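User: I would like to go through the terms used for this protein and see what each one rests on. Please set the values against the cut-offs.

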Amino acid sequence: YGTVLFARNPTEPWRERFLYRHRAKTVCLLGSHPRWSDVLIALDLGLVSLFVLRNLAHTLVPNPVFKFDFIHVLQGKEVEALRRWDEIRRILGWEAQVALRLVPPTGNVAGDILRELRAGGHGTLVMGKRGLSRIKRLFLGSVSAAVLQRLDTQTLILID
């Protein structure tokens with residue numbers, strides 16, 4: 001399928017539901033933020049993060065127009081997160097200068113990501129989605145769905 005793009009129209013909420021239901025592709029909800037080329041990439045440092053970064057390496061990263069910031073909301077020990085980041089960079093063949101900023105958790109990962117997005121003035125957010133089953137989403141929630149519901153004018157790129 002490649003990439004599926006949707007423009008945001010507040011009078012058509014079905015687009016957001018449709019965006020979230022697509023699987024095994026890259027789906028994008030286009031926003032109107034003027035700093036669209038300032039990209040925040042939120043990573044969980046699991047297998048999904050590797051897919052997200054591999055996709056970006058083939059699409060956005062080679063374009064010098066884009067500026068990237070990589071973040072991870074800490075869910076465990078800082079040393080473990082940095083070890084996983086080094087492993088992912090090695091797999092991708094990325095240089096050590098590609099920095100990952102660790103964000104202290106507040107208990108709401110979606111809120112932490114949105115706070116970083118807005119504080120940095122980023123116009124685009126890239127993240128992966130794990131594709132939780134409906135029952136797991138019911139009990140655990142979904143970070144990508146929560147972020148999607150609370151975006152303003154930013155563009156969201158979900159890689160599954």
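Predicted model: local features only at pLDDT ≥ 70, side-chain atom pairs only at ≥ 80, totals over all residues.

User: Why is Arg-89 called buried?

Analyst: Buried means under 20% relative accessible area, exposed over 50% and partly exposed in between, with a 1.4 Å probe and protein chains only. Arg-89 has a relative accessible area of 9%, so Arg-89 is buried. Arg-89 lies in helix α3, residues 78-92; helices are DSSP runs of H or I with at least four residues, strands are runs of E with at least two, and both are numbered from the N terminus.

User: What is Arg-89 in contact with, leaving aside its neighbours within four places in sequence?

Analyst: Contact means heavy atoms within 4.5 Å. On that basis Arg-89 is in contact with Trp-94, Glu-95, Ala-96 and Val-98.

User: What makes the pair of Trp-36 and Phe-66 edge-to-face?

Analyst: Rings of Phe, Tyr and Trp (its six-membered ring) pair if their centres lie within 6.5 Å; planes under 30 degrees apart count as stacked, over 60 as edge-to-face and the rest as tilted. By this rule the count comes to 5 aromatic pairs. For Trp-36 and Phe-66 the centres are 5.7 Å apart and the planes are at 80 degrees, so the pair is edge-to-face. Trp-36 lies in the loop between β2 (26-30) and β3 (38-42), and Phe-66 in the loop between α2 (47-58) and β4 (67-73), so the pair ties together parts that are 30 residues apart in sequence. Trp-36 and Phe-66 also belong to one aromatic cluster with Phe-68, Phe-70, Trp-85 and Trp-94.

User: What makes a set of residues a nonpolar core?

Analyst: The members are buried Ala, Val, Leu, Ile, Met, Phe, Trp, Tyr and Cys residues joined through side-chain atoms within 4.5 Å. The largest such core has 25 residues, and Ile-41, Leu-43, Val-52, Leu-53, Phe-70, Trp-85 and Val-126 touch the most other members. Its largest share, 5 residues, comes from α2. Apart from it lies another core, of 17 residues, among them Ile-71, Val-73, Leu-114 and Leu-117.

User: Which strands pair with β6?

Analyst: Two strands pair if DSSP finds at least two bridges between them. β3 and β6 pair in the parallel sense over 4 bridges, with Ile-41 opposite Val-126. β6 and β7 also run parallel, joined by 5 bridges; the bridge partner of Leu-125 in β7 is Leu-156.

User: Why are the buried residues of α6 said to line one face of the helix?

Analyst: In helix α6, residues 143-150, Ser-144, Val-147 and Leu-148 are buried. Seen down the axis of α6, the buried residues fall within an arc of 100 degrees, so they line one face of the helix. The arc is that of the directions from the helix axis to the C-beta atoms.

Methods:
Residues numbered from 1 in each chain as written. Heavy atoms only, no water.
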